[in-house]
Amino acid sequence: MAPRQLAVLLLTLALAGCATPDGSPSPGTQSGSAAPSGVAPGRPYDAATVLQAMRESRRPGGVPEALQIQQVAAAAAAELWTFDGSPWATMAIGGACGPATCSLEVAGTPAGGAGTDLYSFSVDPDAGTVAVESVDLHGYPAALDAALDAAVQAVAADRVRGLAYSGARWLPPPEAGRFLVAYRSGGEEGAPGVDLLVDLDSGAVEAVSTPD
């Protein structure tokens, strides 16, 4: 079975088996370019939902009141992409403020996901500006791990010989449908290995880096 066909099959099974996640989508949910099998990333959260999550945060220290404003919530919501455009099953928000700037972290895990999506922001509460500091997205269907490994083995087995599949990150628009896949010696995080960029729609695989 070709990588693309395997991806379609596994993603269909994964989505069919997922429970409907809790959360309130924005009435104007926005979608990006199509991911494998026609699933499209989207931004399911609006300012009101993010603001409520800030106020109800159970993270240690919660979210500073300086960040609990409409402008900050709206700016953060505009950056929160999920793999299939649905709200996460669980969502957690935390933050902290220093003398000049604040930090805000939003984490979400979908039902049946391979891991957690994590967005880190730098916030200037006086100006109401929010900047993305880092994005680490593992909230794709866990069943896609097999398809990603199969895609690599089909066209780049020589690049990962002697290494073990250790996970992947999905890329938001404009890179929807592409994944950064990690292979490591022993499969351990931080171990020597190689990172590959995989496009499940085309089956293309290219080396990105070789971690020390």
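Student: What covers the buried residues of α3?
Tutor: This is a predicted model. In α3, the residues Val-72, Ala-73, Ala-76 and Ala-77 are buried. Seen down the axis of α3, these residues fall within an arc of 130°, so they line one face of the helix. The cover over them includes β2 (42-43), α2, β4, β5 and β6.

Student: Which residues have the most contacts inside the largest nonpolar core?
Tutor: The largest nonpolar core has 43 residues. Elements that each supply at least two residues of this core include α2 (47-55), β4 (102-109) and β8 (178-184). The residues with the most contacts inside the core are Met-54, Leu-104, Phe-179 and Val-198.

Student: Which element gives the most to this core?
Tutor: Among the elements that each supply at least two residues of the core are α3 (70-77), β5, α4, β7 (164-170) and β9 (193-199). With six residues, the one that gives the most is α4.

Student: With which residues is Met-54 in contact, leaving aside its neighbours within four places in sequence?
Tutor: Met-54 is among the residues with the most contacts inside the largest nonpolar core. Two of the buried residues of α3 are Val-72 and Ala-73, and both are in contact with Met-54.

Student: Within what arc do the buried residues of α4 fall, seen down its axis?
Tutor: The buried residues of α4 are Leu-144, Ala-147, Leu-148, Ala-151, Val-152 and Ala-156. An α-helix has 3.6 residues a turn, so residues three or four places apart point the same way. The buried residues of α4 line one face of the helix, because seen down its axis they fall within an arc of 135°.

Student: How far apart are the end C-alpha atoms of α4?
Tutor: Helix α4 covers residues 144-156, which is 13 residues. At 1.5 Å a residue, the helix should span 18 Å. The model agrees, since the distance between the end C-alpha atoms is 18 Å.

Student: Is Ser-120 buried or exposed?
Tutor: Ser-120 is found in strand β5. Leaving aside neighbours within four places in sequence, Ser-120 is in contact with Leu-104, Glu-105, Ala-131, Val-132, Glu-133 and Ser-134. The relative accessibility of Ser-120 is 12%, and under 20% counts as buried. Ser-120 is therefore buried.

Student: Which residue in β6 does Ser-120 stand opposite?
Tutor: Strand β5 (residues 117-124) pairs with strand β6 (residues 129-137) in the antiparallel sense over eight bridges. The two strands form a hairpin with four residues between them, and Gly-128 in the turn has a positive phi of about 75°. In β6, the residue opposite Ser-120 is Ser-134.

Student: Which residue in β9 does Phe-179 stand opposite?
Tutor: β8 is mostly covered, with six of its seven residues buried. Six bridges pair β8 with β7 in the antiparallel sense, and seven bridges join β8 to β9, also antiparallel. In β9, the residue opposite Phe-179 is Val-198.

Student: Why is the disulfide of Cys-97 and Cys-102 called right-handed?
Tutor: A search of the whole structure finds one disulfide. The sulfur atoms of Cys-97 and Cys-102 are 2.0 Å apart in this disulfide. Cys-97 counts as partly exposed at 39% relative accessibility, whereas Cys-102 counts as buried at 5%. The disulfide is right-handed because the torsion about its S-S bond is about 100°.

Notes: Residues are numbered from 1 along each chain as its sequence is written. This is a predicted model: local features need pLDDT of at least 70, side-chain atom pairs count only at pLDDT 80 or more; totals for chains, interfaces and linings use all residues. Side-chain values use heavy atoms; hydrogens and water are left out. A disulfide is a pair of cysteine sulfur atoms within 2.5 Å. Buried means under 20% relative accessible area, exposed over 50%, partly exposed in between (1.4 Å probe, protein chains only). The expected span of a helix is 1.5 Å times one less than its number of residues. The arc is that of the directions from the helix axis to the C-beta atoms. Two strands pair if DSSP finds at least two bridges between them. A nonpolar core is a set of buried Ala, Val, Leu, Ile, Met, Phe, Trp, Tyr and Cys residues joined through side-chain atoms within 4.5 Å. Contact means heavy atoms within 4.5 Å.
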